[in-house]
Amino acid sequence: MSKKHVIAVSANKKQIYTYLIQTPVAIQISRQPHLVTLIKEVVESLNLTTPQISLEQDMGRTIGYEELLKTREKDIIFYAKQSKSSAYTRFVKNRKTSPTSFLSIVLYQDSDGDYELRSVWIGKTFPAIPGTDEATEQSESYWAEHAVVYNGQPILTSTQTKEWPY
């Protein structure tokens, strides 16, 4: 794996880092570079002590647009695997993203006591997509009522379906 990139240091001097080459976090940050500034703003005041941290922070101002929406009966829904994903994502067509003040971050502690940023997104936390290793009991019911706004994300066309794939 490539060299780690330190993003911030917590209040109790733990480094928060990520890998910026060929990782999901790298893709998110390359699409929205201001995430680095937001991450710093959140974690620099925290005392990090647990092995895994999932947090949802209200930044008190609009920081971007949430792509995950509660769906309606008349929405046009489809499922497809995104590029480099083994699970199907539920997408909604003809909807717009909505402004949000929330930032969500997932950190995992490494053997040195520092923290790797594993995921970051604009919006509130949500259960993992069904069919992934991280899926929970709530995943299927949540994703039956929510979808990602389709804005041309790279998908594997051969996997596109209107049928619930789980």
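1. Basis of the model. The structure is a prediction, in which local features require a pLDDT of at least 70 and side-chain atom pairs count only at pLDDT 80 or more, while totals for chains, interfaces and linings use all residues. Residues are numbered from 1 along each chain as its sequence is written, and side-chain values use heavy atoms, with hydrogens and water left out.

2. Confidence. The mean pLDDT (the predictor's confidence in each residue, from 0 to 100) of the chain is 93, and 99% of the residues score at least 70. Confidence is lowest in α1, with a mean of 85, and highest in strand β11, residues 146–149, at 97. Helices (H or I, at least four residues) and strands (E, at least two) are DSSP runs numbered from the N terminus.

3. The largest pocket. Its volume is about 1900 Å³, taken as the space filled by probe spheres set on grid points joined across faces, edges and corners. A pocket is an open set of points on a 1 Å grid over the protein atoms alone, where a 1.4 Å probe fits, with protein on both sides within 12 Å along at least five of seven lines; lining residues have an atom within 4 Å of a point.

4. The lining. The largest pocket is lined by 49 residues, and P24, S119, W121, F126 and I129 lie nearest its centre. The lining comprises 20 nonpolar, 20 polar and nine charged residues. Here Ala, Val, Leu, Ile, Met, Phe, Trp, Tyr, Cys and Pro count as nonpolar, Asp, Glu, Lys and Arg as charged, and the others, Gly among them, as polar. Strand β10 (115–122) is among the elements that supply at least two lining residues, as are β2 (15–19) and α1 (24–31); β10 gives the most, with seven.

5. Positive phi angles. K13, in the loop between β1 (4–9) and β2, has a positive phi of about 65° although it is not a glycine. N94 lies in the loop between β7 (88–93) and β8 (98–100). N94, also not a glycine, has a positive phi of about 60° and counts as exposed at 69% relative accessibility.

6. Leaving aside residues up to four places away in sequence, E116 touches Y17, Y19, V106, L107 and Y108, contact meaning heavy atoms within 4.5 Å.

Notes:
Buried < 20%, exposed > 50% of the residue type's maximum accessible area, 1.4 Å probe, protein only.
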